[in-house]
Amino acid sequence: MNYEPTNSTYQTHIPEPTYQAARKVAAVVEYHFKQHFAAARLKGVQELAPEPVAAVIEGIIDVAFWSSLGREEGRSPKISLAFLPPEMAGLPMVFKYPLALQTAVLTKLAPAVERPGIHLGVWMEEGELYIWGTTRDIPGLCFVLEVVEPGLLVVKHRRIDGIGKFVNVATLKGDQIKVVDEKNHNAPDRPPIISSLLGFTSPYNGNDSANILVQLAASMRAHGRGGALLVVPADTQDWRDSIIHPITYPVLSAFTGLADITQISDQETNKVLWQSLLRQAVDSVGGLTAVDGATIINDRHELLAFGAKIGRSWKSKRVDQIVITEPIIGSTASVTHPAKLGGTRHLSAAQFVFDQRDAVALVASQDGRFTIFAWSPQEEMVHAHQIDILLL
């Protein structure tokens, strides 16, 4: 059921933030959550996390930022903080004595909770924020703040059904703030994968094509070596015109490991087991993108080849301009030559989509940048969607 804190819950004694970006972003994040909570309630969703207010948001961000700059045994902390009381967490580990939410405490705790999926639970009592323990299971729309690296924080929340990648709300890096623009002006023309990453209170269908690509994108970015994934239509071989032959690592017949898992409904088997099998299948394909060249799958998620070299189709001309956007508030579209976006990998992906306009190309850079290339009928050119902020 909904957790409705009383007004006294938010009569805070939280110190004024010394990290000024915390204050600047808090009201925007609070408004984001208000929208999502209102939309979820209209849909009759019952199991929701507590709705965070600006004072709580800026207090958690302030402490987390200064903690991110500290070091414990020579290593920078990586922490995930979730705002909820222990009774709303699934199988929580509750400390006998609550700990104050302070910079030194977070830095000391970091080595114990840096593995993916572990959250430090934060709640408020008598106007003070404190850490009550850890959990892996949090309810829908739970406010989460992740410390990614020194000075880099990501505000996110769990999807309302608790499945799939968390929805990113904003990133803070030093004094630079980026807030995700959910109502981006290119919405009618953007690929479904981006709508899925934005995740505005929409239910998550684990075997939906767009959501599989979200997981593949996250897997590609995680290995940190850079890579390219081409998604082509299953009912045509036209894509071969844009690939240099012979292909380095072709698959004898389309490998259906990922496709087979996605055909099994998570309702037909143990949900935890199904998600584990899906993650393994996704990572097996995502890992191939670390090999030099492009990995190719079709829109049924069947693996066709990896290590493929992209070449311009004999039917086409060289791509000479693309439009670039980033789904953040205040960002404007720009038109440029694809070579200015990145190296050979970006240029070849833009050329591939220019030639094969019913295909999509996902490109990860070694520095963490991530771009989705898709043909835009509205703009009549290749559109490069820079989505790093959605994948952190």
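A residue counts as buried under 20% relative accessible area, as exposed over 50%, and as partly exposed in between. Arg23, with a relative accessible area of 39%, is therefore partly exposed. The structure described here is a predicted model.

**Salt bridges**

| Pair | Closest N and O atoms |
|---|---|
| Glu58 and Arg23 | 3.0 Å |
| Glu114 and Arg75 | 3.5 Å |
| Arg369 and Asp367 | 3.0 Å |

Glu58 and Arg23 form a salt bridge. This pair links distant parts of the chain, 35 residues apart: Glu58 belongs to helix 2 (residues 54–68) and Arg23 to helix 1 (residues 20–42). Glu58 is buried, at 12% relative accessibility.

Glu114 and Arg75 also form a salt bridge. Here too the pair links distant parts of the chain, 39 residues apart, with Glu114 in the loop between helix 3 (103–109) and strand 3 (119–125), and Arg75 in the loop between helix 2 and strand 1 (79–83). Glu114 is partly exposed at 31%, whereas Arg75 is exposed at 54%.

Shared partners join the salt bridges of Glu16, Arg23 and Glu58 into one network.

**Surface charge and a polar contact**

A surface patch of negative charge gathers Asp235, Asp238, Asp299 and Asp358. Asp238 lies in the loop between strand 9 (227–232) and strand 10 (249–255) and is partly exposed, at 43% relative accessible area.

Asn298 is located in strand 11 (residues 294–298). Asn298 is buried, with a relative accessible area of 4%, and a polar atom of its side chain lies 2.9 Å from the backbone nitrogen of Arg300.

Definitions and conventions
Residues numbered from 1 in each chain as written. Predicted model: local features only at pLDDT ≥ 70, side-chain atom pairs only at ≥ 80, totals over all residues. Heavy atoms only, no water. Patch = residues over 30% accessible without salt bridge, like charges linked within 9 Å, V, L, I, M, F, W, Y side chains within 5 Å. Areas by Shrake-Rupley, 256 points an atom, 1.4 Å probe, with all protein chains shown as cover. Salt bridge = Lys/Arg side-chain N within 4 Å of Asp/Glu carboxyl O. Lys, Arg positive; Asp, Glu negative; His and termini not counted. Charge placed at Lys NZ, Arg CZ, Asp CG, Glu CD. Helix = DSSP H or I, 4+ residues; strand = E, 2+ residues; numbered from the N terminus. Buried < 20%, exposed > 50% of the residue type's maximum accessible area, 1.4 Å probe, protein only. Polar contact = N/O pair within 3.5 Å; in protein donor to acceptor, adjacent residues only side chain to side chain.
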